[in-house]
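Here are a few notes to read with the model open.

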Amino acid sequence: MRELQLKDLYDGFRNSEVIEAYAKLIAEDAKKLKTTINIMEVCGGHTHSIMKYGLAQLMPKNINFIHGPGCPVCIMPKERIDHAYVLAMQEDVILVTLGDMIKVPGSNGSLQDARAKGADVRFAYSPFDTLKIAKENLDKRIIFFAIGFETTTPMTAALLDAVIKREIKNIFFHINHVTVPEAMVALISDEDCSIDAFLGPSHVSVISGSKIYEEFPRDFYKPVVVSGFEPVDVMQSISMIVKQFLEKRCELEVEYKRAVNREGNLKAQKLNERYFEKAQNFRWRGLGDIPRSGLMLREKYDAYNAEVIYKDILPSKEIDDHKLCICGDILKGKANPPECSIFGTSCKPITPIGSCMVSSEGACAAYYKYGNLL
Amino acid sequence: MINKQITLAMGNGGEENNELISKVFYKAFKNDILEKSEDAAVIHDGELAFSTDSFTVSPLFFPGGDIGKLAICGTCNDLAMMGAKPKYLTCSVIIEEGFSMDELEKIVSSMKKELEVNEAIVVSGDTKVVPRGSVDKIFINTTGIGEIQKKGISSNNISQDDVILVSRDLGRHGAAIFAAREGINLTTDLQSDCASLTLQVQALIESGVKVTALRDATRGGVSSVLNEWAKQSNICIEVDEDTIPIAEEVYGICEMLGFEALNLANEGTFVLAIKKDDEAKALNVLHRFPNSSNAVKIANISKEYIGKVVLLSSYGTKRFLETPTGELLPRIC
């Protein structure tokens, strides 16, 4: 038997004939609709796929994408980036975080700038790399600056679990994990919000199950299709949403059946539950305070909590978004990036002011780069 | 520029790097030859090509090469890209106190081997040893002079009469180095493409292929080369996405870490702009060499989006291919 090649795994999901067939099907179905459907892809991974494969260009005029807030570094408020910066600048600290975080500017600069000033900042591909760094640097305090949605939370929990079980004394945590459903509720609770349906982030559901989206069709009349990230996945999911409108259904459906079930990864959920609890509030860049949308370490793990240990030196002042920035409206589908007065002038990918310009997955960054092709 | 300190992103071969070069160095050293912004300067009435490059790589010994081989290939390839045959090189090394003599000898011996491939010689050199911590093990600079075999090769003259080829599959060096880096626990058979390109270029010139421009796609990868060409020649480069050659292993690393093979560094891969009529002839020549046996056409030139590179998908969508920005970092989701 031939060894399974990587190509075998993705080929079908990037097949141009299938993509074209879905484009035709969506166009035919959309023609029968009298209204426009605004679909929010919540997750930055979906935005990336839509941009990379040019899928918006295949949509009929009455199907629009609204690029959501699902990029963990974009939504990080400046004061928390400042936390990372301050921690990294401590003499005896090595700050470890995931890749994208290094570039995001806080009020003093990015972690990249901190590193240029002498700070020891490392990016890890896996949080578990922190263990090796800690072992090689016993005279240093290693702070894992944890970011990400439900998808990356269990990895942080597993790292803490290992730290406790192996009695490692020099690893600490700064937790910035956030959860998707609360942000979705915040978006659609705004009465001017024009989101009609959601593409559900599927990797989140691999961990948390599809059940976390059940409230949206039930309580808010917004269909959700949990979608994979390959172009065929996204096209099929859009087609499923259009069919729901055509057949006057409003349901939670799973397109990414190959990895998502209703319950999700129970072991991961249990691990999260052991170490984390809901914070009362998390401030999202661009959206402001969203109740119960962030996680924090349970009190009994204070000894590992960098926010507790370093509370005297961490800046506590909240830094508001720039007053001309309209990221909040863009995320709700109320405005398009070019309508913002600082778009492309003072707010650019190299000097982002609002959350949507921060990473390539943000709506503004995408418009800036791909504007005349969208 | 907003930064008061130099960041790693400013050395990435992409946008920040270009900004640093133009705002600091070009501003200070401004002259007509420098402003042509070619791989090597063309001097002495178009008869000589002149280029310099400094080398630092971690790990020093990587699958498919080492810093010594890299230091010779890099400068010789820059000369070759101007249609020149490398002749004389200088070699300066800065060595960290405590560096292993064995490793130094290994590095110098691979430099010697690679000089022979290029039929070039080192005619002057310099050695400095600095206290521990002042450099990371060893830095090498080479500067080279080559005799131009074919005049007029320039990335400022590409037109709609040209097509764009690549000499082989893309991204091997960048992917191999990234996989070998500490913290990325990947096991792969992948080798860097590190190689001298002098022989291929000589063969192309001897066979009479009408070459408009050549460039080796080092840091910043093919994306950087194509974007620079689009701007320098005021053209739109339309890349047919399905034709881009990428090895399975490189593709796998890109998929895992969220990279684009087009943005990854190469050390023995070049991009060619040649006259349309000569496409078959050029490919025939390239296919004779093992290092370019999968050379292929990837793009046409148009006037649709001047100064831009567009990727065309097989299902009718398009997107811009940008000059890479920032450090090469894995994406989270």
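1. First, the term: a salt bridge here is a side-chain nitrogen of Lys or Arg within 4 Å of a carboxyl oxygen of Asp or Glu. Keep in mind that this is a predicted model. Over all chains, the structure holds 42 salt bridges.

2. Have a look at A:Asp29 and A:Lys32, which form a salt bridge with their closest N and O atoms 3.6 Å apart. About one helical turn separates them, because they sit three residues apart in helix H2 (residues 16-32) of chain A. Buried or exposed? A:Asp29 is buried at 4% relative accessible area, whereas A:Lys32 counts as exposed at 56%.

3. Next, A:Arg122 pairs with A:Asp120 in a salt bridge, at 2.9 Å between the closest N and O atoms. A:Arg122 is partly exposed at 27%, and A:Asp120 also counts as partly exposed, at 22%.

4. A:Asp190 and A:Lys334 meet in a salt bridge too (3.5 Å, N to O). A:Asp190 is in the loop between helix H8 (180-188) and strand S7 (197-201), and A:Lys334 is in the loop between helix H14 (327-331) and helix H15 (355-358), so the pair ties together parts of chain A that are 144 residues apart in sequence. A:Lys334 is partly exposed, at 32% relative accessible area. Through shared partners, salt bridges join A:Asp190, A:Asp192, A:Asp329, A:Lys332 and A:Lys334 into one network.

5. Over on chain B, B:Ile21, B:Val24, B:Phe25 and B:Phe29 make a nonpolar surface patch of about 350 Å². One of these, B:Phe25, lies in helix H1 (residues 15-29) and counts as partly exposed at 39% relative accessibility.

Methods: Residues numbered from 1 in each chain as written. Chains lettered and ligands numbered in written order. Predicted model: local features only at pLDDT ≥ 70, side-chain atom pairs only at ≥ 80, totals over all residues. Heavy atoms only, no water. Patch = residues over 30% accessible without salt bridge, like charges linked within 9 Å, V, L, I, M, F, W, Y side chains within 5 Å. Areas by Shrake-Rupley, 256 points an atom, 1.4 Å probe, with all protein chains shown as cover. Helix = DSSP H or I, 4+ residues; strand = E, 2+ residues; numbered from the N terminus. Buried < 20%, exposed > 50% of the residue type's maximum accessible area, 1.4 Å probe, protein only.
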